[in-house]
Amino acid sequence: MIKIQLVDDERNILSALRRLLKPEGWEVHTYDNVEEALGSLKDHEYAVIISDFRMPTADGVTYLQFAKQRQPDAVRLVLSAYGDRESMIKAINQAEVHRYLSKPWEDHEVISAIRSAIDLYQLKKENQRLRRENERQKDMIRAREEELLRLETENPGITRVQRDTDGSVLLSDDD
Amino acid sequence: MSNASAPQSEQELLNARLEQANQQLLQSEKLAAIGQLAAGVAHEINNPVGYVYSNLQTLDNYLNDLFRLTEAVDNARCIEDLRQIKQNIDYDFLKDDLRDLLAESREGIERVKTIIAAMKDFSHIEEEEFKPADLHRGIETTLNVVNNELKYKAEVVREFGDLPEVECIISQINQVIMNLLVNAAHAIETFGRITIRTRQKGSTVVVEVQDTGRGISPEHRHRIFEPFFTTKPVGKGTGLGLSLSFNIIEKHQGTLDVESAPGEGTCFRITLPIVHPDTDNE
C-alpha cells in the first residue's frame, strides 16, 4: 500500500486534500504539526511527503530536510501559499523537493504531481531491489568459483574434463 | 514691527511645508508598510481560497454521483439497482462529508471576508480627522491584518481594560499599533509572547505592547525614534516605523515611551488623552 504523508498547520487544507486523494486509494496520513509528523516517520514508510511551507515552530523546508535524512527514498513536495523566490530556492536546493506546488491549487495538478512522485519512488525501490538481486547473484557466483578453486587445489584437474571431438567425456586413470 | 512680521510669515510658510513633507512621509511609510504586509496577507488569503477552491472541485464530483442516483430513479428496473448505485457512490460517506465540506468552505470564506474587512478598516485613508473611536476595535482590526506576521512568532495575549472612546485619527493609531506589533514579532527569535494591555488612567488611556524578544541594547535606545534608524537587515525595515509612530502620537498630544531589558523583552507604552485638547477648545 502506497503511504502518503501530508503536513499543514491548517486543518481545513488537510481535509480538502484528504477528499481529493480518497478516490486514488492511497493510504493518506495527515498531520497539523511538525513534531507529530516527525514522530510518524519512525512508524511508517512513506512514498510521498507533502508539506506546507510556513508553519509555526519549523518551516516546511526544515521539516523536509529532516524527512530526507530519515526517509531518503520518500519523494518530497511543497504545497505553499507563500510563493516567493527565496522559499522556492531553499526548497529546491536544501530539501531537494520534486515539485513546488502553490495554493490555491488545481486538483488535477496535485494528483498528477503525486502520481509522478509515486512513479519516482517506485523506480527508486525497483532499482534498489534489482541492485540487491544483482549483488546476491554475484555473491552466489563468487561462492561457486571459490568452491571450484578449492576443489582444484585439493584435487588438481578435478574441475576440468577432457572431451573428444564428439563431446563425450574422456576418463583416463593416469594417476 | 513690520520687519518682524515678514520672517514670521516666512516661518509659517516653512512650517506649513514641513507639515506637508511630514504628511507625505507618513503616507509613504503607510504604503510601504502595506506593501510589506501584502505578501503576508496573500498567504493568509491563499490558504482559505486554496481549500475552498479544492472543495468546490470535490463538490462537483459529489454532485455527479448524487445525480447518477437521482437520475437512476427513472431508469432503474428495480429498487435493488438503486441500492447498488447508492452503495457504489459510497452514499453514507458522501452525506457526512458534504456537510463538513460546506462548513469548512464557509469558514474559509468567512476568513477571507474578515481579512478584507480588516484591510479596509485598517487603511481608512479618507479619515484624517479626530473622531471618537473604539481603540479595542482598532487593535482587533490591526491584529487581523498582521496575523500572518505574528502567528508563527508569538502567542498574542490581550489584557484589555475598560476604555472609553478616544478622540483620535484611528487609522493613524492603527498604524502605530501595527508598527509596534510587527517590531515585537521581529524582535522574537523563535517563539514568544506579545501582550497587548489597555487601561484608562485619569483623563488618558494607556496601550502597551510588550514582547518577550531580544530587547533593545542600551546604545540603540536613544536612537530608535530617529528617522531611518534600523537594526533590521536591508529590505526588512524602512527605519521610519517608530519615528513616524512617535510623530503620530505627538500629534495626538500623547506620549510614546519604551522600557527594554536586553534578552528579556521590550514594552512600548502609548498614552493618549481621551479628549484631544485642540478639539476641546473648539
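## A tour of chains A and B

The rule finds 4 salt bridges across the interface of chain A and chain B. Keep in mind that this is a predicted model.

**Stop 1: one salt bridge.** Select Glu10(A) and Arg111(B). Their side chains meet in a salt bridge, 2.9 Å from N to O. Now colour helix H1 of chain A, residues 11-21. This helix gives 6 residues to the side of chain A that touches chain B, the largest share. What classes of residue make up that side of chain A? There are 9 nonpolar, 2 polar and 8 charged residues.

**Stop 2: the whole interface.** Select both sides of the contact. Chain A brings 19 residues and chain B brings 23 residues. Which residues of chain A lose the most area to chain B? They are Asn12(A), Arg19(A) and Arg54(A), which together make up 33% of what that side buries. The size of an interface is often given as the accessible area lost when the parts come together. Here chain A and chain B bury about 2000 Å² between them. Carbon and sulfur atoms hold 47% of that area.

**Stop 3: two cysteines.** How many disulfides does the structure hold over all chains? The count is 0. A disulfide needs the two sulfur atoms within 2.5 Å. Is each cysteine buried or exposed? Cys168(B) counts as buried because its relative accessibility is 2%. Cys267(B), at 7%, also counts as buried.

**Stop 4: helix H7 of chain B.** Select residues 241-251 of chain B. The buried residues of this helix include Gly241(B), Leu242(B), Ser243(B), Leu244(B) and Ser245(B). Ile248(B) and Ile249(B) are buried too. An α-helix has 3.6 residues a turn, so residues three or four places apart point the same way. Then step past the helix to Gln253(B). Its phi is positive, near 65°.

**Stop 5: a glutamate in chain A.** Return to chain A and find helix H5, residues 107-154. Select Glu152(A), which lies in this helix. Is Glu152(A) buried or exposed? Glu152(A) is buried, because its relative accessible area is 18% and the cut-off for buried is under 20%. Now show what Glu152(A) touches. Leaving out residues up to four places away in sequence, Glu152(A) touches Gly157(A), Ile158(A), Thr159(A) and Arg160(A).

Technical notes:
Residues numbered from 1 in each chain as written. Chains lettered and ligands numbered in written order. Predicted model: local features only at pLDDT ≥ 70, side-chain atom pairs only at ≥ 80, totals over all residues. Heavy atoms only, no water. Contact = heavy atoms within 4.5 Å. Buried area = accessible area lost by both parts, 1.4 Å probe. Helix = DSSP H or I, 4+ residues; strand = E, 2+ residues; numbered from the N terminus. Nonpolar A, V, L, I, M, F, W, Y, C, P; charged D, E, K, R; others polar. Buried < 20%, exposed > 50% of the residue type's maximum accessible area, 1.4 Å probe, protein only.
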